[in-house]
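Hi everyone, thanks for coming. I'd like to walk you through a structure, looking at its surface, its cores and its charged side chains.

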Amino acid sequence: MWGRKPRCVIRTKMASCSFEDVLAKAERDEAEKLKGITVSKELDLEFDPGNLLAFDKNRIDTREFKDCKREDFLRSLARDNTQLLINEMWKLPTERVEEVIVAKLPDPTTLLPREKPAPKPKPPTKWEQFAKLKGIQKKKKTNLVWDEVHKEWRRRWGYKRAKDDTKEWLIEVPENADPNEDQFNKRNKAKKERVARNEYNRLKNIARAQKIKVPGMGLAPTPRQSKAELAQAVNVAKISTASVGKFQDNLPKEKTPKNTGRKRKFQPLIGDFSSEKQKQLDLLKVMDSKKPRLDVTKAVNKQMREEDMESRHKNKKDFGKKGRRGKMSGKGKGKAGGKGKGPKGKGRKPQMKQGKR
Amino acid sequence: LQALHRILKAKTRRSKRFLQSRQPKLTEDQKSSMIIRGGNTSQTVSQALKDVYALKKPNAVLYKRKNMVRPFDDSTALEFFSKKSDCSLFLFGSHNKKRPNNLIFGRMFDFHVLDMFELGIERFVSLRDVKTDTCPEGTKPLLVFAGELFETDREHQRLRSLLTDFFCGPRVSAVRLAGLEHVLHFTALEGKIYMRSYKVLLKKSGCRTPRIQLQDMGPSFDFVMRRNHMASDDLYKTAHRQPRGVKPKKKKNISHDAFGTRLGRLHMQKQDLDKLQTRKMKGLRKRRGEQTAETAAAAAKAPRTDE
């Protein structure tokens with residue numbers, strides 16, 4: 001019973017303490033909690049949470065950086081900076097992924113250079129251009145096709161395909177074909193030709209994408225060639241030597257074609273002159289501009305050639321010197337000595353030390 | 001080289017996948033680095049190279065044999081290696097009387113040398129000498145750069161970018177908060193760079209954010225800056241050019257006012273007020289031949305609204 005009384009007394013004493021005291025106490029508690037993680041710095045650090053990067057611009061006091069205390073100084077500096085970075089990381093939005101708390105990182109702000117240049121979009125192939133023009137859409141085909149002969153699902157092409165042409169043991173000879181012709185051989189040859197044409201078209205697409213010039217259509221192998229195509233083929237073959245056909249003799253009645261070389265195209269004399277005007281103005285603009293138009297490949301090639309020439313000259317000189325020095329051993333020394341003394345003693349060409357004139 | 005890859009078709013699917021992984025992409029994967037030994041290496045340099053390889057595993061290749069290469073004179077050998085192993089970062093270690101304990105950090109763009117920095121090791125403490133637990137392989141380290149030189153001096157700025165590139169791990173969208181264990185701290189002072197590596201211990205503090213304690217771990221270097229080769233400004237700019245698909249498209253018509261509310265503009269067509277869709281009142285519906293009723297209804301409506 002008398003135990004209760006002190007409690008009542010304490011309670012009244014508590015009531016007499018004001019709210020301000022309670023609030024002050026709570027604030028002090030909070031400050032103490034935050035003391036563990038606050039770090040005071042002159043300048044704020046720059047953060048890049050996307051890269052887990054922090055940059056401290058503050059001046060480092062060289063006095064504290066002596067030999068004996070260096071490691072401790074560095075460790076305390078690192079601890080402060082890491083604490084600030086961790087504070088920054090804990091401010092990021094978090095989510096729970098399979099019982100693990102994960103913070104979502106924003107995009108990195110420090111720009112780092114790429115490894116390789118950005119990929120250039122490939123120009124469309126001949127078929128793709130045609131399909132776009134006609135509005136043909138790609139239809140997705142099933143992987144497996146029902147094979148009636150084997151009564152099972154087989155792949156559309158490849159090993160053990162559904163309708164295998166090559167596995168046929170019987171081919172009907174068509175009505176208009178030669179009875180002695182080998183149909184199996186004919187089929188094989190047709191396939192080889194298709195493969196070769198496919199490869200040729202693929203390479204042509206690549207050449208068009210890279211803007212490399214390839215010989216024209218007339219020189220592609222066709223069964224029947226016209227007179228003009230044959231003549232073109234002969235001319236191209238003639239200039240396909242190392243000296244571009246300069247030393248190829250003509251056949252007895254052959255005439256050298258005079259109209260080879262690039263055709264010059266001229267604008268018409270009458271009609272719309274706006275394009276001509278535009279060309280002249282562009283020319284003036286190019287001449288007027290401060291920045292010179294630089295063809296990078298040409299400049300680089302020129303530079304490389306110059307460097308090669310220089311190094312070649314240097315090597316020649318060095319080699320010459322070394323050679324002479326290398327050969328001058330024993331017997332050479334005596335002779336060289338003699339040779340050296342000779343001209344020195346006798347009248348040589350007067351040296352450039354002529355003094356003032 | 002890429003053109004050649006296209007002309008020579010890959011014969012197997014595996015080789016095709018291999019070639020495609022080496023093609024340039026819109027968003028690139030983590031850069032791998034090659035760690036090369038020079039003509040003559042001292043014990044310090046070899047151990048240093050092994051330690052950096054341990055830090056950078058598995059995206060690093062350690063070349064076991066010695067290579068007689070002089071990167072500052074002729075970088076074609078390094079470019080050839082980078083093409084073969086598809087690595088864009090390199091670390092070349094050598095030792096001679098003139099430049100003892102030399103490490104060259106470098107990076108490539110399009111298999112040509114972009115930047116190279118030669119750093120001499122003055123003091124080195126290896127992983128083996130510090131006998132504490134290490135963090136697992138492949139943890140993304142926290143990077144801290146300290147020192148005003150990293151801000152003011154142009155060479156130090158480039159070096160900072162190079163070191164960030166070298167030591168930052170893969171690009172991730174989210175990170176496990178408890179897994180931030182490794183911190184690499186670089187301090188620049190009077191032409192010297194001090195690199196320290198610590199293990200982060202997260203201790204309880206009163207609030208949600210933990211208190212940090214650091215434990216010495218891993219290799220620590222005292223570098224001195226020697227020669228460097230920095231890329232020209234336009235090459236540097238070209239290397240930073242991002243392709244179009246990568247930049248996020250800016251959403252138009254979104255603005256924020258002082259209170260933080262999101263505002264946008266709606267563009268309306270001109271409205272014909274006679275044909276506005278309002279609440280239907282059956283009593284107001286037009287009946288055949290009862291125009292007076294309409295006017296009466298209109299009159300009746302007016303006082304109603306006044307109420």
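Let's start with Met287(A), which sits in helix H7 of chain A, residues 274-288. This is a predicted model, by the way, so please keep that in mind throughout. Is Met287(A) buried or exposed? With 61% relative accessibility, Met287(A) counts as exposed. Together with Leu281(A), Leu283(A) and Leu284(A), Met287(A) makes a nonpolar surface patch of about 430 Å².

Now let's go inside. The largest nonpolar core contains 35 residues, and Phe105(B), Phe167(B), Phe186(B) and Phe223(B) have the most contacts within it. The biggest contribution to this core, five residues, comes from helix H6 of chain B, residues 154-167. There is also another core apart from that one, with 30 residues, including Leu85(A) and Val183(B). As for Phe167(B), its contacts beyond four places in sequence include Leu55(B), Phe105(B), Phe186(B) and Met195(B).

On to the charges. As a reminder, side chains of opposite charge can pair when their charged atoms come close. How many salt bridges does a search of the whole structure find? Over all chains, the number is 32.

Take Asp56(A) and Lys41(A), whose closest N and O atoms are 3.3 Å apart in a salt bridge. Asp56(A) is in strand E2 of chain A and Lys41(A) is in the loop between helix H2 and strand E1, so this pair ties together parts that are 15 residues apart in sequence. Asp56(A) is buried at 2% relative accessible area, while Lys41(A), at 23%, is partly exposed.

Another salt bridge joins Glu28(B) to Arg114(A), at 3.6 Å from N to O. This pair crosses between chains. Glu28(B) is partly exposed, at 24%, whereas Arg114(A) is buried, at 4%. Arg114(A) also touches Lys25(B), Met108(B), Phe109(B) and Gln242(B), among others.

Within chain B, Arg107(B) and Asp165(B) form a salt bridge with closest N and O atoms 3.1 Å apart. That pair links strand E4 to helix H6, across 58 residues. Arg107(B) is buried at 0% relative accessibility, and Asp165(B) is buried too, at 6%. There is also a network, in which salt bridges with shared partners join Arg70(A), Glu71(A), Arg123(B), Arg196(B) and Asp222(B).

Glu79(B) is buried yet has no salt bridge, and Lys83(B), the nearest side chain of opposite charge, is 6.3 Å away. Among the residues in contact with Glu79(B) are Met108(B), Phe111(B) and His112(B).

How values were computed
Residues numbered from 1 in each chain as written. Chains lettered and ligands numbered in written order. Predicted model: local features only at pLDDT ≥ 70, side-chain atom pairs only at ≥ 80, totals over all residues. Heavy atoms only, no water. Core = buried A, V, L, I, M, F, W, Y, C linked by side-chain atoms within 4.5 Å. Buried < 20%, exposed > 50% of the residue type's maximum accessible area, 1.4 Å probe, protein only. Helix = DSSP H or I, 4+ residues; strand = E, 2+ residues; numbered from the N terminus. Contact = heavy atoms within 4.5 Å. Patch = residues over 30% accessible without salt bridge, like charges linked within 9 Å, V, L, I, M, F, W, Y side chains within 5 Å. Areas by Shrake-Rupley, 256 points an atom, 1.4 Å probe, with all protein chains shown as cover. Salt bridge = Lys/Arg side-chain N within 4 Å of Asp/Glu carboxyl O. Lys, Arg positive; Asp, Glu negative; His and termini not counted.
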